[in-house]
Amino acid sequence: MILGLYLTALAIATVPAWARGRLAPRGSPIPSPTSIFGTAVGGAFDQPKPTIAPVLANMAKNMAKEAGAFNGDRLTVKITNAFGWDLPISYQSNVGSPTIIGNPSTNTFLAGSNTQVVVTRNFAGAIFIGKSFDPANSKIEISFSAPQGYRPGVDVSYVDGYSVPITCSCGGVPVTGCNIPLFRTGRTCPQNGPGDKVICYNPKKTINGGPADPFFQPCQGAAYTYPEDHAANAYGKCDNGDIQCCVGVRIHAALVKHR
């Protein structure tokens with residue numbers, strides 16, 4: 001589904017204890033990434049790799065400055081876990097991309113806590129958050145790449161599957177994501193993963209055009225629900241460099257979903 005993009009992702013592990021009626025234990029061990037996943041075509045994670053020489057990079061930087069784009073050397077994405085449970089979180093970088101500063105490992109994102117991801121220029125990658133260790137978890141996709149003047153790009157993707165609701169805002173304004181808890185809508189998941197309402201796999205992950213599958217339809221145009229659901233792309237909306245994302249429904253609650 002992604003042209004020229006080959007990634008490693010997370011191996012599906014045993015359904016956590018909370019899925020059997022208890023919260024996940026804090027500090028749970030996390031398996032190493034071994035699988036391949038797909039994502040939004042043309043989304044933040046799918047931005048072109050930089051190939052320009054340093055002189056052209058400086059030109060792009062100056063053009064971005066003149067256009068009012070974010071002109072820093074590092075981009076910070078802040079994330080809040082307002083879901084109410086400890087959740088597995090993992091990080092991946094595009095092939096040829098710089099790694100996230102500090103090279104964080106897959107770990108447990110504690111309920112009610114905050115974390116942040118700091119990346120340098122030329123980064124493209126994703127953050128996976130879910131209720132189990134599955135490469136199809138809900139994800140935040142990030143890019144900070146040339147040749148478009150190093151403008152920050154972000155989107156929320158349910159292309160592979162849905163596990164938890166995620167929204168992202170820039171400068172306090174929601175720009176991508178959907179905080180509708182899809183497992184509570186009464187719609188039937190076309191393909192459930194292990195456990196009860198742990199993850200719903202998306203049957204449209206390899207079908208570029210819409211509409212979204214009925215289970216995912218409430219979030220169509222807000223989060224990526226199929227590969228070319230480009231209304232969910234927030235590229236160019238975060239030029240102030242202030243990106244804040246929330247897992248759950250409590251933050252941005254007035255926003256039923258972003259369109």
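Start with the largest nonpolar core, which has 46 residues; select I79, I127, I129, I140 and Y158, the ones that touch the most other members. Such a core is a set of buried Ala, Val, Leu, Ile, Met, Phe, Trp, Tyr and Cys residues joined through side-chain atoms within 4.5 Å. Buried here means under 20% relative accessible area, exposed means over 50%, and partly exposed lies in between (1.4 Å probe, protein chains only).

Before moving on, note that this is a predicted model: local features need pLDDT of at least 70, side-chain atom pairs count only at pLDDT 80 or more, and totals for chains, interfaces and linings use all residues. Residues are numbered from 1 along each chain as its sequence is written, and side-chain values use heavy atoms, with hydrogens and water left out.

Now centre on I140 and show its contacts (heavy atoms within 4.5 Å). Leaving aside residues up to four places away in sequence, I140 touches I79, G125, A126, I127, I129, V154, D155, I166, C168 and C245.

Next come the salt bridges, each a side-chain nitrogen of Lys or Arg within 4 Å of a carboxyl oxygen of Asp or Glu. The whole structure has 4 of them.

Select R121 and D73, whose closest N and O atoms are 3.5 Å apart. R121 sits in the loop between β4 (114–120) and β5 (123–129) and D73 in the loop between α1 (54–66) and β1 (74–81), so this pair ties together parts 48 residues apart in sequence. Helices (H or I, at least four residues) and strands (E, at least two) are DSSP runs, numbered from the N terminus.

Move to R151 and D239, which meet at 2.3 Å, N to O. R151 belongs to strand β7 (residues 151–157) and D239 to the loop between β11 (200–201) and β12 (242–247), so parts 88 residues apart in sequence are tied together. Is D239 buried or exposed? D239 is buried, at 15% relative accessible area, while R151 is partly exposed at 26%.

Then pick D160 and K205, with closest N and O atoms 3.4 Å apart. D160 is buried at 2% relative accessibility, and K205 is partly exposed at 29%.

Finally, colour the open sheet of 5 strands, β4-β1-β12-β9-β10, with mixed pairing; two strands pair if DSSP finds at least two bridges between them. β4 and β10 (173–178) stand at the edges with a single partner strand each, so one side of each has no neighbour in the sheet. Zoom in on β9 (residues 166–170), which is antiparallel to β10 and joined to it by 5 bridges.
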